[in-house]
Number of protein chains: 2
Amino acid sequence: MTMQAMQTARVVPMKKSDRTREEILRSAARLFRDRGYHASTLREIAQEAQIKAGSIYYHFGSKDEIIDEVLDLGLREVFNAVHAVMEADRDNPDHRARIGRAIREHLNLLVAHGEFTSANIRIYGQLPEDVRARHRPLRRQYAQLWEDLLSEARDAGAVRSDIEIVPLRQFLLGALNWTVEVFRPDRGSLDIHADRCMALVLDGISTGARNRL
Amino acid sequence: MTMQAMQTARVVPMKKSDRTREEILRSAARLFRDRGYHASTLREIAQEAQIKAGSIYYHFGSKDEIIDEVLDLGLREVFNAVHAVMEADRDNPDHRARIGRAIREHLNLLVAHGEFTSANIRIYGQLPEDVRARHRPLRRQYAQLWEDLLSEARDAGAVRSDIEIVPLRQFLLGALNWTVEVFRPDRGSLDIHADRCMALVLDGISTGARNRL
DNA sequence: CCTACCGATCGGTAGG
DNA sequence: CCTACCGATCGGTAGG
């Protein structure tokens with residue numbers, strides 16, 4: 001197998017059943033995002049994936065298994081990419097630049113994996129508690145990534161010292177996610193979008209905010 | 001009937017059927033907010049309102065009629081209150097203060113009518129198109145209120161002239177709604193919360209933003 | 001406002 | 001991966 005073939009194989013899975021499986025997940029993510037979890041039926045998901053309803057159970061054991069994987073796909077790639085950027089920037093003394101690069105990477109991934117991240121953001125609050133519970137550890141891990149970054153920035157004097165880290169992280173990630181949902185920027189306008197978020201959020205944090213977060 | 005009685009009558013409806021009707025709406029709003037529209041069944045709504053499922057149809061013709069009224073209640077009172085504040089402030093030359101007061105009133109109402117405004121914010125994106133279409137005129141009206149306020153501020157030089165009004169309004173209202181959903185501030189901390197939003201959002205708009213919105 | 005019920009549709013399964 | 005089907009539950013209705 002040539003290098004070319006191996007790379008292709010990683011992007012477009014070779015086995016047909018794998019491609020169908022991915023199509024089910026992608027269809028499910030789109031429907032979950034647009035109509036919510038309960039309103040999206042397995043019959044609609046199957047139709048979008050161009051198979052019959054009963055055939056979904058060849059690939060997944062239950063609807064819960066599908067939502068679990070959609071949630072996981074939506075966040076894990078964001079986690080890995082942002083984690084990598086933060087690691088590469090570990091010794092940079094410019095904390096504002098570090099935060100900026102993390103923001104940019106976060107937005108990048110949100111746009112790249114549209115269906116899955118959007119579905120995750122939009123429906124998480126409305127899922128049954130047992131589904132949320134299974135997904136929570138990954139959420140906590142990602143939140144911790146940002147809280148560490150912001151803590152270091154605060155300790156270095158780059159962020160106002162009277163701002164609490166947890167609400168700051170909530171506000172920052174919330175604002176970023178919200179803007180992507182509203183603006184749906186294309187790849188070309190992503191840098192502008194990231195700068196805008198930086199300016200609106202970070203300038204407020206570091207110089208403008210009069211009250212404790 | 002005394003003045004006292006009349007005022008009481010307006011707050012707590014006298015007829016029992018009116019009170020049941022209100023209880024249905026409030027239960028529906030809570031369930032819609034917490035689980036989404038489709039996941040909230042008429043049977044659950046009825047149970048929360050302490051009546052039997054079939055009895056809902058004594059008060060409402062369909063589930064659609066309930067969601068219509070929940071959406072309307074969630075936004076109309078916000079619209080009226082914010083509109084009144086803007087009118088009272090019409091000739092104030094301090095545009096930053098005008099925007100600040102409008103923000104404060106908006107947040108005030110979001111907190112005051114928690115179930116209905118939260119339900120409106122959270123589930124609107126996932127509703128069937130015909131439900132959204134019926135609710136859209138009121139949404140547009142409220143958006144126009146803010147766009148007028150922001151346009152005047154920009155024309156007076158209080159907001160950067162290279163910022164487009166529509167995206168600015170989307171971002172501002174989106175950020176305000178988001179923070180209320182995340183922080184759920186009590187009445188006591190509302191002023192602090194409003195100031196924080198002012199600082200984070202408005203300082204970015206007027207002095208910090210490098211790029212066009 | 002309740003009881004008793006309807007047709008439709010859901011998530012899921014058996015057998016191929 | 002499909003056909004044919006199950007019990008459960010949904011929004012909604014009839015009759016009181």
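A:Q50 is found in the loop between α3 (42-48) and α4 (56-59) of chain A, where helices (H or I, at least four residues) and strands (E, at least two) are DSSP runs, numbered from the N terminus. Phi of A:Q50 is near 60°, a positive value in a residue other than glycine. This is a predicted model, in which local features need pLDDT of at least 70, side-chain atom pairs count only at pLDDT 80 or more, and totals for chains, interfaces and linings use all residues. Residues are numbered from 1 along each chain as its sequence is written, chains are lettered from A and ligands numbered from 1 in the order in which they are written, and side-chain values use heavy atoms, with hydrogens and water left out.

- In chain B, B:Q50 sits in the loop between α3 (42-48) and α4 (56-59).
- B:Q50 is not a glycine, although its phi is positive, at about 60°.
- B:Q50 counts as exposed because its relative accessible area is 73%.

**Chain A as a whole**

- Chain A has ten helices and zero strands.
- Along the sequence, the pattern of chain A reads α-α-α-α-α-α-α-α-α-α.
- Chain A has 213 residues, of which 48% count as buried.
- Of the contacts in chain A between residues at least 6 apart in sequence, 68% join residues at least 24 apart; contact means heavy atoms within 4.5 Å.

**Helices α2 and α5 of chain A**

- Two packed helices are described by the angle between their axes and the distance between the axes.
- Helix α2 (residues 16-35) and helix α5 (residues 63-88) of chain A have axes that come within 10 Å and cross at roughly 85°.
- Axes are lines fitted to C-alpha atoms, for helices over the stretch in contact, and angles run from 0 to 180 degrees between N-to-C directions.
- That angle makes α2(A) roughly perpendicular to α5(A); angles under 35 degrees count as roughly parallel, over 145 as roughly antiparallel, 65 to 115 as roughly perpendicular and the rest as oblique.
- On the α2(A) side, the contact is made by A:R21, A:I24, A:L25, A:A28, A:A29 and A:F32, while α5(A) contributes A:K63, A:I66, A:I67, A:E69, A:V70 and A:L73.
- The residues of this contact between α2(A) and α5(A) are nine nonpolar, no polar and three charged; Ala, Val, Leu, Ile, Met, Phe, Trp, Tyr, Cys and Pro count as nonpolar, Asp, Glu, Lys and Arg as charged, and the others, Gly among them, as polar.

**Helices α5 and α8 of chain B**

- In chain B, the axes of helix α5 (residues 63-88) and helix α8 (residues 129-155) come within 10 Å and cross at roughly 10°.
- α5(B) and α8(B) are therefore roughly parallel to each other.
- Residues making the contact include B:L71, B:L75 and B:F79 of α5(B) and B:L138, B:Y142 and B:L145 of α8(B).
- By class, the residues of the contact of α5(B) with α8(B) are 13 nonpolar, three polar and seven charged.

- A:E115 is part of helix α7 (residues 114-123) of chain A.
- A:E115 counts as buried because its relative accessibility is 16%.
- Not counting residues up to four places away in sequence, A:E115 touches A:R26, A:A29, A:R30 and A:R33.
- A:Y142 belongs to helix α8 (residues 129-155) of chain A, and at 5% relative accessibility A:Y142 counts as buried.
- With residues up to four places away in sequence left out, A:Y142 touches A:L75, A:V78, A:F79, A:V82, A:H106 and A:L173.
- A:Y142 and A:Y124 are 18 residues apart along the chain, and their C-alpha atoms are separated by 15 Å.
- B:S17 lies in helix α2 (residues 16-35) of chain B and, at 28% relative accessibility, counts as partly exposed.
- From C-alpha to C-alpha, B:S17 and B:L150 are 43 Å apart in space, and they are 133 residues apart in sequence.

How values were computed. Buried < 20%, exposed > 50% of the residue type's maximum accessible area, 1.4 Å probe, protein only.
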